[in-house]
Amino acid sequence: MVDGVRRARAVLGRAAAKVTGEALGPYQSAVVRIGFAGTWLFFLLCEFPNRAELYGPDGPWSWRLAERLTDSNGAFTVLMWSDSTLWFEIVYAVSMLASVGLLLGWRTRATSVVFMVGVLSLQNRSVFMGDGGDNVIHLMAIYLVLTRCAQVWSLDARRARLQGSACAGAAGPVLWGVLGLVFAYGTVTGESGYGWPAAFAAVWVVCGLWWLVDRRDPEGEGRAVLDVLANLLHNAGLLVIMAEVCLIYATAGWYKIQGSRWQDGTALYYPLGLDYFTPWPGLSALVAGSGTLVMLLSYGTVAVQVAFPFTLFNRRIKNVLLAVMMLEHVGIAVLLGLPFFSLAMIAADAVFLPTGFLVWLGVRAAAVRSGRAVPAAEPVPAPREPEPVQR
């Protein structure tokens, strides 16, 4: 009995040391960061000619209607601070710039907050614009603020390797100063309510404290305590992202099971006959013309979605099913014309990609960027501990 208690304590102690001592999944969090920032940026660029109709003053969902809705549900959006066209254009442009910054991993702690503000502001302004992928981006934009998602494959990590500190330069303090002024304006004018300003104030104060400690005593106890807290937040955020993905697939699969069209295997046939979901009519007609293929795809979709959360206990089966789901989303993008939904789901799925594969991918990408040919037999280096950076 005593030995069992000791072993349990030792296991719990090692687990606690692991969770507090390092930010787990650095490559997975980096891929999620790049995936969602790239997806949102791609969407904003593609819809740039239609931006005023989607989220701006020319949309069917008027500013007054949006004001009434946000007053009733407490949703956060800086677009409600003013109904001017200039303010809308500024917010849209800043959202694109924040997406670029997050994609590159530049000043990630600040740009992740600006990215979240841009996503929430545009989506909460016109809640009926979206195809399902917007809901995923909405949630992940919030979770990414909690993660240290720039430990690898980022300009922050590169700056940390070259200069020894990710906080060097004046860009970080200036950016945080501007953010502080914006949030203070929203609080003073009462445009943002009370919950969101309190959350932003907490993030702003903690990150400002981190910057001061990192400048004055980067090796002291204060920095160590902040690192432990940041690691806890990161690991909790990463766990929430994983749970969110499992919840999305589990609920989608079990709801499909209850539908009669999914039960008889004909569910896929009907959207393939709608003009809105047929960007390639010839291809859609070819797939819809095969009853066996429609049945296999319908049943296969349900089976994969229901089974995926249970495959996390077996790495090999999980990796196979993960590849199948990503291919399924590629098919949705091509067949049903939902590229942004598919990109958002693929980015979310990437949190489960194996570290070895991501390291191999990074080595190949670096070789292509430098123009150096990497032989197929060249061993891929084992994952190493990332350089300490602020994210």
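**Rings and their surroundings**

Q: Why is Phe308 called buried in this predicted model?
A: Its relative accessibility is 0%. Buried means under 20%, so Phe308 counts as buried.

Q: What makes Phe308 and Phe352 an edge-to-face pair?
A: The ring centres of Phe308 and Phe352 lie 5.3 Å apart, and the pairing cut-off is 6.5 Å. The planes of the two rings stand at 80 degrees; an angle over 60 counts as edge-to-face.

Q: Why is the pair of Phe308 and Phe352 said to tie together separate parts?
A: Phe308 is in the loop between helix H14 (291–307) and helix H15 (315–335), while Phe352 is in the loop between helix H16 (339–349) and helix H17 (355–370). The parts are 44 residues apart in sequence, so the pair ties them together.

Q: Why does Phe352 count as buried?
A: Phe352 has 7% relative accessibility. The limit is under 20%, so Phe352 is buried.

Q: How many aromatic pairs does a search of the whole structure find?
A: The search finds 13.

Q: Why is the pair of Trp81 and Trp87 called stacked?
A: The ring centres are 6.1 Å apart and the planes are at 10 degrees. Planes under 30 degrees apart count as stacked, so this label applies to Trp81 and Trp87.

Q: Why is Trp87 called partly exposed?
A: Trp87 has a relative accessible area of 24%.

Q: What makes Arg51 count as lying over the face of Phe48?
A: Arg51 is at 3.9 Å from the ring centre of Phe48, and the distance limit is 6 Å.

Key
Residues numbered from 1 in each chain as written. Predicted model: local features only at pLDDT ≥ 70, side-chain atom pairs only at ≥ 80, totals over all residues. Heavy atoms only, no water. Phe/Tyr/Trp six-rings, centres within 6.5 Å; stacked < 30°, edge-to-face > 60°. Buried < 20%, exposed > 50% of the residue type's maximum accessible area, 1.4 Å probe, protein only. Helix = DSSP H or I, 4+ residues; strand = E, 2+ residues; numbered from the N terminus. Lys NZ or Arg CZ within 6 Å of the ring centre and 35° of its normal.
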